[in-house]
Amino acid sequence: MTLSIIELNDSEIRVASGTEIILRTPGCAVLKPDSVILGAEAMQISHLNPREASNRFWLNLNQDALAIRSTRVRHNADLAYRQLLMIHEQAGKPDEIIFSVPGSFSDEQLSLLLGIVEACPFSAAGLVDTAVAGAAAVAGRGDCIHIDIHLHQTVLTFLSVNDEVSRRRVQVVDECGLTEIYDTCAGVIADLFIQQSRFDPLHHAETEQSLYDQIPGCLAALNDRSEVSLEVQYDRNRHQIRVSRESLLQALEKYYTRILESVNEYETALIGDRLGILPGFHHRIRGARLLTQESVFHGIHLNRDHVYTPAPPLSFITSLPAGNEPADNPVTASPESAATENETPPENVTHILIRNRAVPLAGSPLYLSANGSIDKNRHEDSHCAISRSGTNVVVQQDGELSLYINGQRINGSCCVAPGDTLSFAGSDTTYRFIHVLPD
């Protein structure tokens, strides 16, 4: 029997085997008259087909009729079912799946999720609160708050940690998700394009899609850079602008304020990595600690005997034993707290390996092409940019050629870790990201 873990967060659903993430896909769908496109492929055409796009089916997991007419699906639960089938196929068809679910899910939605799984070719082998799992391996004793962002909401989970990590309550900040943040950033960046190049990228569907594809990487890069350049191409013309960190911080302030209104500065705050890439956010919270992408999977792995349920009925687990093994702690300290904490930092990417050559990453981006060349300057053969954002290394798609991380197609941008590989559609060139030990 093979077992996988699914972390349900519609901004990026993650699948792991053990603690290794093997698949990532957003909760997005585009409904054509005779087909349904899901995941990264749907996200990459969602602004080309705005009236046919849907990205609320996990948030509103129910059996209400869809506003979009389709002969293939009737309601949100149908879309969730189809995406689970796709994930199951792409993840190697595991026999059993443990689900990590946000605390915002209602009892009715949890029951509906399990009902959907009954119609799938795998069985549910566990159901656990995402915040509890994410904190189980890392949280110290006392009260803490876990903060995670989704496509249309931010979920704050208040926890008590003694011998166990226990959920006290959940608070949801509605319409304060990555979709709203990206929409706001798109408006600011479009104004900058008009000011600097007299071109409005939101006026054409293809340039709007190109702009949205670049926003995640832009935000990640602005964590430790004062400005970045963005470029869109239309009708054989390239339009390039500079985006300052300050211009986006001003626009994002309203979202940061809404989230921080409920955060007690004297509680330990555990910041999910999806929220941690937003520039300047975690610096606003005293003693904030950044969770890694694998935190949830580490917590479940440490408590497998408590989570794994080989036969029904399944209970929704909202408390787990607190971890006490520092070596298993997958937390990165924020700059404000790093000076006061004596933790061993996790290994990060220092070099890109290509054809037995290791090219070091520095402060400025590197541009990679499908023919194996690495350059400090962008040129017409460049297909992606590699930049550092704090301790993270971000791959940003640059052009129409599809990119694959560990064999999985990415949408726009993503963070990479040592051992990850990068490849291109139609090319046998493979880059590997590595960590080189200091002298």
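Tutor: Gladly! Helices (H or I, at least four residues) and strands (E, at least two) are DSSP runs, numbered from the N terminus. By that rule the chain has eleven helices and 28 strands. This is a predicted model, where local features need pLDDT of at least 70, side-chain atom pairs count only at pLDDT 80 or more, and totals for chains, interfaces and linings use all residues. Residues are numbered from 1 along each chain as its sequence is written, and side-chain values use heavy atoms, with hydrogens and water left out.

Student: Why is Thr-130 called buried?

Tutor: Buried means under 20% relative accessible area, exposed over 50%, and partly exposed in between (1.4 Å probe, protein chains only). Thr-130 has 5% relative accessibility, so Thr-130 counts as buried. This residue lies in helix α4 (residues 130-136).

Student: And why is Ser-123 called partly exposed?

Tutor: Ser-123 has 31% relative accessibility, so Ser-123 counts as partly exposed. You will find Ser-123 in strand β8.

Student: What makes the pairing of Thr-130 and Ser-100 a polar contact?

Tutor: A polar contact is a pair of N or O atoms within 3.5 Å; within protein, one must be able to donate a hydrogen and the other to accept it, and residues adjacent in sequence count only if both atoms are side-chain atoms. The side chains of Thr-130 and Ser-100 are joined at 2.7 Å, and this counts as a polar contact.

Student: How do you know that the buried residues of α3 line one face of the helix?

Tutor: In α3 the buried residues are Gln-109, Leu-110, Leu-112, Leu-113, Ile-116 and Val-117. Seen down the axis of α3, they fall within an arc of 165 degrees, so they line one face; the arc is that of the directions from the helix axis to the C-beta atoms. The face turned away carries the exposed residues Asp-107, Glu-108, Ser-111 and Glu-118.

Student: What do the buried residues of α3 pack against?

Tutor: They pack against α2 (76-90), β7 (96-101) and β8 (123-129), where contact means heavy atoms within 4.5 Å.
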